[in-house]
Structure formats: C-alpha cells, structure tokens
Amino acid sequence: MTTKLVAHSALVVDDDVMARTIHKRLFEREGWLVKAVVNGHEAVELFRQGDRFDLVLMDKEMPVLDGVHATTELRAMGVQCHIVGVTSCTDSLEVESFIGAGLDAFYAKPLNPAKLGRIIQHFHDDDRRQ
Amino acid sequence: MAGHLHKRLHDYTASLINEGILNEQFNQLKSLQDESNPDFVVEVLSLFFEDSDRLLNALATSLDQQIVDFKKVDALVHQFKGSSSSIGAQRVQAACMSFRWYCNEENIEECLKRLQQLRNEYFAVKTKLDILLKLEQQILAAGS
C-alpha cells in the first residue's frame, strides 16, 4: 500500500516584503506550498474567490485591512482553517484583541525556525483532534 | 578558495554578533539558506537596504510637514523596527523603539533627533552588512 503525501498550504499575509520573504521561506523549507499577499483585504478576497489554505499566517498591522479585522471577517465567512497571528506589537490589550478576533495561536515577531516548528506542531495537533 | 571565503564569512558574522551589531536572529536567517536557495541571505539583505532607504526618506518627508502626522511617523518607525528585527539588526531596532516613544509624545524636536540617530545606526550597520553581502556574493560566484 502506498501512502500519498499531501503538501499543506499556507497563506502569508503581511505588508512587509521582508517578513513575506522570510515567512514564505520558513514554510517552503518544511515542504509547505505558500502564497503571500500584502494585506488583510487581499487575504479575504482569496477566500471569497474560493481559495483554501490549511493555515493563514496573519500580520496584525497592515494598511487597507489589518489583521484583526481580516481575521474577524474570515471567521464571519465561516473560514475554519488555522489562523496564526504574528506581530511585533507589545501592547497586551492590542494583542488580546487580535487573539479575540479568532486566532488559533499568536507569536511575536520575528519568526524563526524554532517558532515555525511550534506553529506547525500546533497545527498538526489541532488537525489530529478534529 | 571557497573554504577560505566561508571561514572569513563565518568569522566576520561572529564578530558582528560579538559587537552587538547583529543578534542571533541573523544566524536563524542564515540557516534558511541552502542549495535550493543559495542566495537567500543576499536577497534578504538587499530587501532590507531598499526598504530602509525608502523608510528613511518617508520619515524625513513626514517630519518636514507643517503639520506632522505623528501616527504616520509612528507607523513608518514601526515598519523599520519590524524589518530590522527580522534580520537581527538590534541597534537599529533599539533606535526605533526610542523613536516611537517620542512619536507618542508628539515631540517634533526629539523625533528629529531620533531620526538622525536612526540614520546613524542604520548606516553603521549597512557598512558592516555591505561587507557581509560582498562575502556572500563572492561565495556564490565561487560556486559553493
């Protein structure tokens, strides 16, 4: 019996070109298929058009539509995939409001291989529970 | 030849970390470079230089307005803080943090001083990173 390995997919949502480049590379190195967009509005539009991802890596502060509002909209649309918030913001109230918008997990920037390992582990643990 | 270049790069990177110019985040970034992405560090450093030039220009323009939009200035400094922390440029990151304090205070004089300090820290790290970038490019050219 052969086992078909299916690559997981991630959507990186960040207005910072460096963050997009680094986060994309972090996921691709783990064998994930990655798409990157520059703000929450583009992320929401992808889902509206029928695109689906296993995990969304959502930055908090972005122009046009920020991470809090984008996460709120995605959850209101019925999007149930894993959404991980990332930010360098240290204000605890702002972080709480981001988490309260519907995140499955939150990590402080900058991301690195160890943090991505935890993000992926958390994703797999949640996946197994469902 | 390539081995010698690798050693020079390794030693130079270690010296930048010892001096506090870079932190461990830079090594984390470097670990993402491999045979499938041999120019990842060059790519990221080039992005950092372009983005930093853009942000410094935007900050100078924003602080030169008759009525300064401190929220806009703060947002620009926040971006700069983010990109500098992504590559481990910790002195630039620290300069951004103190700049943000004065954006919050809406203190134009201090913001102008912080901008100058940020420029100084950025150009100091850029000089060092330029050397690092050249070493990476030499290694790429040597084919290893």
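**Note on the helix packing and the A–B interface**

1. The axes of helix H1 (residues 2-18) of chain B and H6(B) come within 10 Å and cross at roughly 160 degrees, where axes are lines fitted to C-alpha atoms, for helices over the stretch in contact, and angles run from 0 to 180 degrees between N-to-C directions. That crossing angle makes H1(B) roughly antiparallel to H6(B); angles under 35 degrees count as roughly parallel, over 145 as roughly antiparallel, 65 to 115 as roughly perpendicular and the rest as oblique. Helices (H or I, at least four residues) and strands (E, at least two) are DSSP runs, numbered from the N terminus.

2. This is a predicted model, in which local features need pLDDT of at least 70 and side-chain atom pairs count only at pLDDT 80 or more, whereas totals for chains, interfaces and linings use all residues. Residues are numbered from 1 along each chain as its sequence is written, chains are lettered from A and ligands numbered from 1 in the order in which they are written, and side-chain values use heavy atoms, with hydrogens and water left out.

3. H1(B) passes H6(B) in a left-handed crossing, a crossing being left-handed if the near helix is turned anticlockwise from the far one by less than a right angle, and right-handed if clockwise. On the H1(B) side the contact (heavy atoms within 4.5 Å) involves residues including B:Leu5, B:Leu9, B:Tyr12 and B:Leu16, while H6(B) contributes, among them, B:Ile131, B:Leu132, B:Leu135 and B:Ile139. The residues of this contact divide into eight nonpolar, three polar and three charged, with Ala, Val, Leu, Ile, Met, Phe, Trp, Tyr, Cys and Pro counted as nonpolar, Asp, Glu, Lys and Arg as charged, and the others, Gly among them, as polar.

4. By class, the contact of H3(B) with H6(B) has 21 nonpolar, three polar and five charged residues.

5. For chain B overall, the count is six helices and zero strands, and the pattern read along the sequence is α-α-α-α-α-α. The C-alpha trace of chain B spans about 55 × 25 × 20 Å along its principal axes.

6. The contact takes 15 residues from chain A and 20 residues from chain B. In chain A, A:Met18, A:Ile22 and A:Arg25 lose the most area to chain B, together 38% of what that side buries.

7. The count between chain A and chain B is one salt bridge, defined as a side-chain nitrogen of Lys or Arg within 4 Å of a carboxyl oxygen of Asp or Glu. B:Asp34 forms a salt bridge with A:Arg25, the closest N and O atoms being 2.9 Å apart.

8. Over all chains the count comes to 16 salt bridges. One of them joins A:Asp104 to A:Arg75, with the closest N and O atoms 2.7 Å apart. A:Asp104 lies in the loop between helix H4 (92-100) and strand S5 (105-108) of chain A and A:Arg75 in helix H3 (residues 67-76) of chain A, so the pair ties together parts that are 29 residues apart in sequence.

9. Two backbone details in chain A deserve a check. The peptide bond from A:Lys109 to A:Pro110 is cis, with omega near 0 degrees, and A:Pro110 is found in the loop between S5 and helix H5 (113-129) of chain A. Phi of A:Val64 is near 70 degrees, a positive value in a residue other than glycine, and A:Val64 sits in the loop between strand S3 (55-59) and H3 of chain A.

Note on methods
Buried area is the accessible area (1.4 Å probe) that two parts lose on being put together, summed over both.
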